[in-house]
Amino acid sequence: MIVKRFAVRHALLTTAAAAALATPAYAQNAEDADAPSGGLGEIVVTANKRSENLQKTPIAISAVPAEALELRGLTEAKDLSAIAPNVSIVGATTNATAAVVTIRGIPTPADETQGFDSPIGMYLDGVYLARSSASTFEVADIERVEVLRGPQGTLFGRNTTGGAINFITKKPSSEASLKLRAGAGNYGMWTGRILANSGDMNGLRLSLGYLHRQRNGVVDDLLEPKKSRDPGATKVDSVRAAIDWDMTDTFNVYNVFDYTRIKGAPMVMQLAAVGNGTFRPNVTLGGNTFSQVQPANVAGYLNASTVVEPACNKTVSRAYRDTVCLNSGNQSQDTIWGNMFRMELDLPTITVRSTTSYRKWSNDIQGGDLDGLGTIRGPLFNIGSPSAPLATFTGFPTSVLTGVGIPAGTAAFLTAGSVPTTTAPLFAAQTQRGQKQFSQELEFVSSTDGDFQWVAGAFYFHESGYENNVQNFGFALDTNQAVYIPSTMQSILTGFGYPLATAQALAPGMAAAFQAANPARFRLVPGGATLNYKSSGDSMALYGQASYRPGGQDSPFGVTLGLRYTWDSKEVNRTQNGAAPFSAAELALNQRKATFSAPSGHLTLDYRATEDINLYARVARGYRSGGFNLRQSTSVASNIGLLPFNEEKIWSYELGAKMEFMDRIRLNLAAFHNVYSDQLATIPIPIQGGGSFGTQVVNAGKTTYTGFEVEGAFQITDNFSIDGNFGYIDINIKDFPGADINGVTRNIAPLIAGSGYAPKYTGSIAGNFTVPVGDAKLNARLGYNYTSEFEMFPNTLTAPFSKEGRGDARGLLDGQIRFSGFGPNGGMGLTIWGKNLTDKKYVVRSVDFGALGFATVIYGDPRTFGATFDVEF
């Protein structure tokens, strides 16, 4: 049945069953770069804390070696979409470094507050990066990227329920060298890079790298004269220094320092949909009734407003726009730096490894205009004040005002007045935030000889962070439905001395008269809120993994058992979550501590049917740490404080096969069924006395993820190969809590449209051509990658614009041509590249503002192209 539902493009992608992630020309490890061509080179990975052949490692893992990374221009996490099946990555909404990474249907949080931990582990040289906002970076020299799919709760620890991505940078070379790179492209892009290696100096090797990259924006902000500040503009400076020192034959010290600063303007959010007053009726499920969020009538307010800037307009459309108006601009700066110090002692039967790391990240977002319309001037709703109690009656006819008892002189004065106006934005935000972390890991790794291998370790991690997020917004109020109504008129009439019975009789007619004469039905109510907090956390773990192969490492049968136990503690101090700082009583409810702990691990059986066929079965348990919903409402009256949510748990069941044929075909298959329980879900909390409610994140969700993956390579001739992958996942939401109209929490899973940021299909296919040209070499690659549409706000009860906010299905065509090995000493190279060659327009992110009455979308990069020139001395 699944096959029958595949579209033609999906059928095309499945031909990549004879394809591989890394092309044969690039599949060799660095040490094997000189291996003879004409076959599949060995790929070495370190997913089990030791160097192993990818094909003999019983894990669903994809690895991209250095030469493939260089050719395809993959330098950071958000570049990695489509390099592995069931992996999807989309960029941030307001800053340059964050990304939402999804592996096997499980995404990192779209909410970037530091109370949530990510279910996808991000690593740099094996060092855990706690914040998704701080995990996208520019590194001058990457050796390999490993993508591990499925729970990795033993060696990679907590928060890897979806998987892990490890960036491995190059160590200093034993040969002295100097590499220079210069590049240019469209949108004013240019890049420069310098890499210097000292070579071996009696066991000491040094390297230093510097990278600069910048481009102009890809969308024209009509209110910004500088292209370097338009949406999509970026300017990156990155430095990396490494020391690799063999102090003795058995003792090595390795230290890496990296620093990156990113300035730019995030991709623009354009106004895609607005509320128009259409009522969203209640929904009935299982005999229970649920209300839907009613979006404000922003369309009515915009129709009553004008744009201050002549070049701008009030366009509301999901269609791609190449011009926008950002009246406050959108500028962001991220600074990320860190140091990793590693000591390694090789003893006859064991390797002892100590890794100490410190990292720091800061982010400053200024402007944050999220509608792209320019400065909107519209009617302001003024609720009045003791000195001007009748401000809400400005502009009404005198006859209507005197009808409610307002004296004639006062009525004439109000009639002559103008309805006040405002230029408050629909939504704008400014943010300052940061995080720093320290980690220490001690590992003991057995030798590779014998029938028994093992790894044991201890891990400690500490982080602290802060955020000051200032939001300004406007609520479009339909005054005919909220203010000038019979109940309000009755109160006004009794206030002017009318008897209650008379007021009750006159109120409906008065309300109708006010509604008919209303000079500005739709008015904006400006508001603001600030989220301010500090957070900290500690994590400790002990872990071990053992593999046994009866008869030695050449034995066909193996069993691996991994166990880990983690202890986490978190503390938050929130000082504001609204228009005003907390009072002393509120502060007491917003200073909280919580502890969490859980076991994780796996049992894996593998059978090497032949030298080239490896079969495996794996059962794994992972967990994601608990935390705090820092956007949660609290109430002194109800004594509802900031409450922690507990850890999530996942059980994963997987079957896989890794095969090679004739040294020409590589085919890796995996099928999985994951059961995710105690998932986070947001439900309302009624406030005592009624009239309002808060929200709380609870562990009440349950979802199953079932799918399969194919990746492979086919070296058709010595000069031509194809590679690719295909992933399919079916997500079944079993349980999701929601409150009915009576405040009773019930399962609303059938009302949830899907899982957020989780495309059902992913895939890629590419052709690669390699041919010698004298002493030089020509490489060419043309690749197509596909991602099906996906939901971003699947709870339609709370997201009125969920349809408009879907991520688009997209098929992107990329290509590269590289001519290398020419010039003096064969040290020159020229690469011509292009991404999204067909200039596909597609939505990658969105925000549904719910009751505020509008939704915004962000489009992916348009067609980009350029060339780079390399020279090595």
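Predicted model: local features only at pLDDT ≥ 70, side-chain atom pairs only at ≥ 80, totals over all residues.
Local features need pLDDT of at least 70 and side-chain atom pairs count only at pLDDT 80 or more, whereas totals for chains, interfaces and linings use all residues. Residues are numbered from 1 along each chain as its sequence is written, and side-chain values use heavy atoms, with hydrogens and water left out.

The protein contains 10 helices and 46 strands, taken as DSSP runs (H or I of at least four residues for helices, E of at least two for strands) and numbered from the N terminus. Its radius of gyration, over C-alpha atoms, is 30 Å, close to the 29 Å that the globule rule (2.2 Å times the number of residues to the power 0.38) gives for 873 residues, so the protein is as compact as a globular protein of that length. Along the principal axes, the C-alpha atoms fill a box of roughly 100 × 55 × 55 Å.

Buried residues, those under 20% relative accessible area with a 1.4 Å probe and protein chains only, make up 55% of the 873 residues. Among contacts (heavy atoms within 4.5 Å) between residues at least 6 apart in sequence, 72% join residues at least 24 apart.

A nonpolar core is a set of buried Ala, Val, Leu, Ile, Met, Phe, Trp, Tyr and Cys residues joined through side-chain atoms within 4.5 Å. In the largest, of 44 residues, L302 and F854 touch the most other members. Elements giving two or more residues to this core include α4 (298–303) and β45 (854–859). Leaving aside residues up to four places away in sequence, F854 touches L271, V298 and F801, among others. Another core, of 21 residues, lies apart from it and includes I83 and V145.

Technical notes
Buried < 20%, exposed > 50% of the residue type's maximum accessible area, 1.4 Å probe, protein only.
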